[in-house]
Amino acid sequence: MNKKKIILFAVCLAALLAVQIKFFLPFMYDIAASDLFLVESKDAANPMSISTDMTALAFAHCNTYIKNEADEDQSLSFASQPTNAWTLGNYEYIVNADVEISGKDSPNVMRHYACRIQYGKGDDTSGASDFENWSVEGVSGLTD
């Protein structure tokens with residue numbers, strides 16, 4: 001009886017694999033190739049670091065966000081330019097820069113941070129200078 005169970009298990013496993021390969025995998029490829037996940041915008045992704053008006057605004061808004069989240073007894077000094085800035089497409093950016101943090105009872109510390117930020121109004125860039133039109137997805141590198 002054990003031999004029959006093992007054979008039945010192997011046959012069921014082979015049938016399951018065949019169903020996945022013949023039916024589900026082509027269906028998933030069709031979904032991935034479709035426009036289902038496509039977002040149309042004038043802002044195309046770029047794997048290289050770039051410097052544009054929008055990346056400069058993203059850098060300024062990241063600095064504003066970090067300043068607002070800092071403790072009251074901390075003093076922050078930001079770099080004048082980001083080290084790197086990338087566009088992920090659809091007005092989403094990653095900004096990489098330095099900030100010097102000093103406190104009353106602690107020595108000055110230089111931190112290298114990364115900020116992921118997105119402009120919320122799409123191709124209408126007329127409100128890009130307003131901080132309320134941006135959402136910060138996350139900041140890392142400010143703490144030990």
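1. Disulfide count first: this predicted model has 1 disulfide. The partners are Cys62 and Cys115, with the sulfurs 2.0 Å apart.

2. On where that bond sits: Cys62 belongs to helix α2 and Cys115 to strand β4, so the pair ties together parts 53 residues apart in sequence. As for handedness, the torsion about the S-S bond of Cys62 and Cys115 comes out at about -80 degrees, which means the disulfide is left-handed.

3. α1 covers residues 2–33, 32 residues in total. From first C-alpha to last, α1 reaches 45 Å, close to the 46 Å expected at 1.5 Å a residue. Do look at Gln20, though: a kink of about 35 degrees in α1 is centred there.

4. Domains: the assignment for the protein chain gives domain 1 as 1–38 and domain 2 as 53–140. Their C-alpha centres are 46 Å apart.

5. Then the largest pocket, which holds about 320 Å³ of space. It is lined by 16 residues, and the closest to its centre are Gln74, Leu76, Ile101, Leu142 and Thr143.

6. Which elements give two or more residues to that lining? They are α2 (53–69), β1 (74–78), β3 (92–103) and β4 (109–119). The largest share, 3 residues, comes from α2.

Methods
Residues are numbered from 1 along each chain as its sequence is written. This is a predicted model: local features need pLDDT of at least 70, side-chain atom pairs count only at pLDDT 80 or more; totals for chains, interfaces and linings use all residues. Side-chain values use heavy atoms; hydrogens and water are left out. Helices (H or I, at least four residues) and strands (E, at least two) are DSSP runs, numbered from the N terminus. The expected span of a helix is 1.5 Å times one less than its number of residues. The bend at a residue is the angle between axes fitted to the seven residues ending there and the seven starting there. On a 1 Å grid over the protein atoms alone, a cavity is a set of points where a 1.4 Å probe fits but cannot get out, and a pocket is an open set with protein on both sides within 12 Å along at least five of seven lines; lining residues have an atom within 4 Å of a point. Grid points are joined across faces, edges and corners, and a volume is the space filled by probe spheres set on the points. Domain bounds come from an automatic or database domain assignment. A disulfide is a pair of cysteine sulfur atoms within 2.5 Å.
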